[in-house]
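This briefing covers domains, sheets, helix packing and the chain contact. Please read it alongside the sequence and the model.

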Amino acid sequence: MKHLTRRAGLAIGIAALAVSAAQAQQRTLRYYADFDPAPLAAFEAAIAQFEAEHPDIDVVLQNFDHEGYKTAIRNFLTADPPDLLNWYAGNRMAPFVEAGQFMDVSDVWAEHGLHESLASAAASMTIDGRQWGVPYTYYQWGIYYNRSVYEQVGAQVPETWDQFVANCELFAAAGIDCLTTGTRALWPGAGIFDYMNLRTNGYEHHMALTSGEIAWTDETVRNTFANWARIQPFITASHAAIDWQDAAALLVQGQAANYVMGNFAVAVFKEGGMTNETLGFMPFPTINPDVPRAEEAPTDTIHIAAGAQNPEDARTFLAFMARADVQTTLNAALGQLPINSGSTVGDDPFIQAGFELLSTTPGGIAQFFDRDAPAEMAQVAMEGFQQFMVQPDQLDAILERLEAARQRIYQ
Amino acid sequence: MPAAHQTQSKRSWWRANQQRLTPWLFLAPGMAMFGLYVIWPILDSFWLSLYDYDGLGAKEWLGLENYRELFADQAFYTSLKNNVIWLVLYLLAVPAGLMIALFLNQTVFGIRLYKSLFFFPFVISQVVVGLIFSWFYAPRFGPMYHLLEWITGQRIAILADPDLVTYGIIAAGLWPQIAYCMILFLTGLNNVAPDQVEAARLDGAKGWRMLWYVILPQLRPATFIAVVVTIIGALRSFDLVSIMTSGGPFGSSRVLSFYMYEQALSEYGYRMGYGAAIAVVLFLIMMVFISGFIWKMVRDEKEGY
């Protein structure tokens, strides 16, 4: 295994050398990223604008396959670090910060007033009181629903958990899955858990739980699962065997009514034939009215590698990406939300709804379970969430397993 | 002249030891490769399994802590149990392959085509086999899903059912493996001595007795190879698990090789030491079988098979 990774790192290194040798006359910024085709086009436009403003800097973007990037990053950061690279906020960047692979960019934050303009994401970019990158986009999570199905059974869009559960009875009577999800890749189940817990116990509890400060066998966690158990029978039965896109198809076809998902799913719903008239979005219903509403909005970020060849120009690039006008254009193309408070958002109704939702959140904005919790804990916990949705009677065994994992992982 | 004398003595040393050295010289490249790519990684894995290492930071010495954790890890026992199920059920490929080989070992019109069709599953990639079977079992549109619904009246998504999922994957694995065993037996059947069959027939043997006492003993080498490749195939079953379920639902279809990958290299893993400890356990299990095979081969060679 070790040899394999070293050789892969070497191959990347040779490829990168060839690239940098070709562009010797300008100062080069090497940028590694993992964009899908549509975001890639948006980013290439942003990079073109940057190069127009800074003609002496040439940004060389090397795009990786999205899944492969998660493995490749560990190789190239040690073997041949680029100047700039994409990653995620929250605990997801902690291993690299702790291993000294990301550069401290607190000076960029201080110099360009990012503590004010990017305030909503400042907490999730901060480790040990310093900032380690710049966020450029985020998107809301919530419940996407099929309006036609709601009309068909005569259900009202719910605001409280009791209403939501009552609706589920209506859908079940009509043979429709009240809530759908596809947990083959595990993470969609974590979205449901996060909202169950944010609505039952609130943002502080979410952060404490993902930082390992609360026992999984605690009464508060059990309350979350008790609320979840009320809708467990109404969740698509075969969810463990299907991917999230398959579950999206169920919603499109009217075989399911609701789907807890991130805003990126809108593109999939619309490809399936849904329109702004048939697809609806609502915030996750209130469970405990005493808990201030908190939301989930995973943030995507850009970092400077600790071994960067050209950290000065890389800082210029980060400052550029943090600018309000840049984030406005970029996110209009991405179909997501800018972080900069001075940016404006597009007129897509789902983007508007997300902007409204996040900018009025009183409780706090969480990243996502697998970004707030350490990777190992995320893996064990998400398996537990999946099992709970299949075998709710195993709850005690699941929670004890998670608690044992917590005591090992956070020691 | 001293120089000439030296060459003289060198040459004679070479001449004296030539017979002894030549085999080693021929073996040297192979041994170097084997040492570098097989022996060294095995030792390295043993060594790594004593550390806590995430692939980035410093290694931290743990001693046998990884193993202590492994033997208390429920997921490890699930994987081990699944490996045993794989091992037992996968061996069905040997008799099944033999049956098909016997059935196809006749001379009728178009038999080559039938043989090719039966061999086809082994030719296509395991990835494709995994995908085909995933669709076959898929809830709502898979033929198997509908068939089960029609027979039992229940909606059973095999790959989402923790009790059935391993059997579902093994069934997918058996498909190409049976074809593989079949081709081994078909070539073996070509070498069955016709005079012995003739003699047995004259003595009145037919049916099962003919198969058991005359044909099968002559198929011994083919059977041996079929068992070896099937056992090793069962132990390293990784691709099908990875493609069809990623070890799910909640880890109930994991096997040791997949668990090792998940711990050491997957998105949420990077416990290299723990993964190496699983690899060591898997290696020791395989070693039991491999030593058995080698011991048998050496014995056979001495007896002159």
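Two strands count as paired if DSSP finds at least two bridges between them. Helices (H or I, at least four residues) and strands (E, at least two) are DSSP runs, numbered from the N terminus. The model is predicted: local features need pLDDT of at least 70, side-chain atom pairs count only at pLDDT 80 or more, and totals for chains, interfaces and linings use all residues. Residues are numbered from 1 along each chain as its sequence is written, while chains are lettered from A and ligands numbered from 1 in the order in which they are written.

**Five-stranded sheet of chain A**

- In chain A, 5 strands form an open sheet with mixed pairing, in the order β2-β1-β3-β12-β6.
- The edges are held by β2 (57–63) and β6 (134–138) of chain A; each has a single partner strand, so one side of each is left without a neighbour in the sheet.
- On average, neighbouring strands of this sheet are turned by 25 degrees against each other, direction ignored.
- An antiparallel pairing over 4 bridges links β6(A) with strand β12 (residues 299–304) of chain A.
- Within β12(A), A:D300 is the residue that stands opposite A:T137.
- Helix α15 (residues 311–322) of chain A lies across β1 (27–33), β2, β3 (84–88), β6 and β12 of chain A, and runs at about 160 degrees to β12(A). Axes here are lines fitted to C-alpha atoms, for helices over the stretch in contact, and angles run from 0 to 180 degrees between N-to-C directions.

**Four-stranded sheet of chain A**

- Another open sheet in chain A has 4 strands in the order β8-β9-β7-β10, again with mixed pairing.
- Here β8 (177–180) and β10 (279–282) of chain A stand at the edges with a single partner strand each, so one side of each is left without a neighbour in the sheet.
- Strand β7 (residues 141–146) of chain A runs antiparallel to β10(A), and 4 bridges join them.
- A:Y144 has A:F281 in β10(A) as its bridge partner.

**Domains**

- Chain A is assigned domain 1 (2–136 + 300–347) and domain 2 (141–296 + 374–409); such bounds come from an automatic or database domain assignment.
- The C-alpha centres of these two domains of chain A are 32 Å apart.
- Chain B has domain 1 (2–48) and domain 2 (68–303), with 40 Å between their centres, taken over C-alpha atoms.
- In chain B, 4 residues of domain 1 are in contact with 6 residues of domain 2, contact meaning that C-beta atoms, placed from the backbone, lie within 7 Å.

**Helix packing in chain B**

- Helix α4 (residues 93–104) and helix α8 (residues 165–190) of chain B pack at an angle of about 50 degrees, with their axes 7 Å apart.
- That makes α4(B) oblique to α8(B); angles under 35 degrees count as roughly parallel, over 145 as roughly antiparallel, 65 to 115 as roughly perpendicular and the rest as oblique.
- Residues making the contact include B:L98 and B:A101 of α4(B) and B:C181 and B:F185 of α8(B).

**Contact between the chains**

- Between the chains, 22 residues of chain B are in contact with 25 residues of chain A.
- On the side of chain B that touches chain A, α1 (2–48) and α13 (256–265) of chain B each supply at least two residues.

Conventions:
Contact = placed C-beta atoms within 7 Å.
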